[in-house]
Amino acid sequence: MKEKMHNKPRKRKNTWTQYLVTALWVLIGFVCGIAFVKYIRIPENNVTLYEALFYLCGLLLGMCVAIITQLILHEAGHLIFGLLSGYRFSSFRLFNLILVNENGKLKLKRLEIAGTGGQCLMVPPDLKDGKIPFVFYNLGGALMNLIAGVIFICMYFLLRDIQLFSVVMLLCAAVGFVFAITNGVPMRTNTVDNDGYNTLALARNKDAMRAFWIQLKVSEKISKDVRLKDMPEEWFAVPSDEAMQNSMIAVLGVFACSRLMDQQQFEKANELMIHMFAADSNICGIHRNLLICDRIYIELITENRQEHLAELFSKEQKKFMRQMQNFPSVLRTQYAYALLCEHDVAKAEQIKTQFQKCARVYPYPNEILSEKGLMEIAKKHA
């Protein structure tokens, strides 16, 4: 009998939050239109096509400045409110650049995660009565965007006679309010859960608090070059199916799978992943797709069944792997696929070269060491 793969994420209906996001970005477009008309003063000046294009480029540049500014402020908000809540700095990422606290030394590395423009990870305080402060750390980014939006709108009205500057202030304010709402109002995307959703998941379930603490402690250990297989075993106890309906607790199941992969217990890892998919655990999109990468790898080094590989390599999975093409576990899986399915040694060597290039700037050497071991196993099976 054909094994059911259970790889597809739970289907989510369009909710009012998704419509809200669309409406807000439409509003941004409307604000841009007003800013464009105001900036080039269409009623007052007879502008040529080239002049209009020049002004439009200036407006687009202003929008880029607004987005980058609010993104920096968002992650700074997590950092500031985290520090005020008793957390310690671990890493700060903007786009694909990440500043990591590596055993007391700050080092600049590269890390790109699909669906995210940045991330600020911190070391949590110790649990007290099973609790840690979580609201301000999680919502600090949205609060900072909101505060900045109010400041920028005030600057717009105070300095509206300064043409270009006032337009940029208006765009910064608009983007800030959109960031505050889209990050603060609980919602999910195809890849990650937003800050509001995570905060709600923590508030609703006392066990989620410990899960959140473990996630941050695992991050801390990884930054200190400790491998998953060498971390405390109790951190990786698999929660019940019912508990993993909470997205924050479901991450512990993901961590348990990753630890089994690091221990090279492939049969157990595969069984757990199949079970979690079948139970429809509330795993966010990016974790689900990374687990499917692990399932592809395990299938390749074991039974290597073409029909199963075809199911695992869905259209969505291929798209994800293209987006995460410089991520170590994705490259490891592509390397194994080139060797064991396509039997293309030259392609495998190209992927290996790409992996080595990625490894030089990747922030967590322990993960690279684990992935190298998995690539060696794939090579032995070729």
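Two exercises follow on a predicted model, with worked solutions.

**Exercise 1. Describe the second largest pocket: how much space lies in it, and which residues and elements line it?**

Step 1. Start with the volume. The second largest pocket holds about 300 Å³ of space.

Step 2. List the lining. It has 15 residues. Nearest the pocket centre lie Arg 110, Glu 112, Asn 326, Cys 358 and Val 361.

Step 3. Assign elements. Two or more lining residues come from each of α11 (315-323) and α13 (345-361). Helix α13 gives the largest share, 4 residues.

Step 4. Sort by class. The lining of the second largest pocket splits into 6 nonpolar, 5 polar and 4 charged residues.

**Exercise 2. Trace the pairing of β1: which strands pair with β1, and in which sense?**

Step 1. Take β4. Strand β1 covers residues 88-94, and β4 covers residues 118-123. They pair in the antiparallel sense, with 6 bridges.

Step 2. Leu 94 has Gly 118 of β4 as its bridge partner.

Step 3. Take β2, residues 97-102. Its pairing with β1 is also antiparallel. Here there are 4 bridges.

Step 4. Opposite Arg 93 stands Ile 98 of β2.

Step 5. Inspect the turn. The hairpin of β1 and β2 leaves 2 residues between the strands. Phe 95 has a positive phi there, near 55 degrees.

Note on methods: Residues numbered from 1 in each chain as written. Predicted model: local features only at pLDDT ≥ 70, side-chain atom pairs only at ≥ 80, totals over all residues. Heavy atoms only, no water. 1 Å grid on protein atoms, 1.4 Å probe; cavity = no way out; pocket = protein on both sides within 12 Å on 5 of 7 lines; lining within 4 Å. Points joined across faces, edges and corners; volume = space filled by probe spheres on them. Nonpolar A, V, L, I, M, F, W, Y, C, P; charged D, E, K, R; others polar. Pairing = 2+ DSSP bridges.
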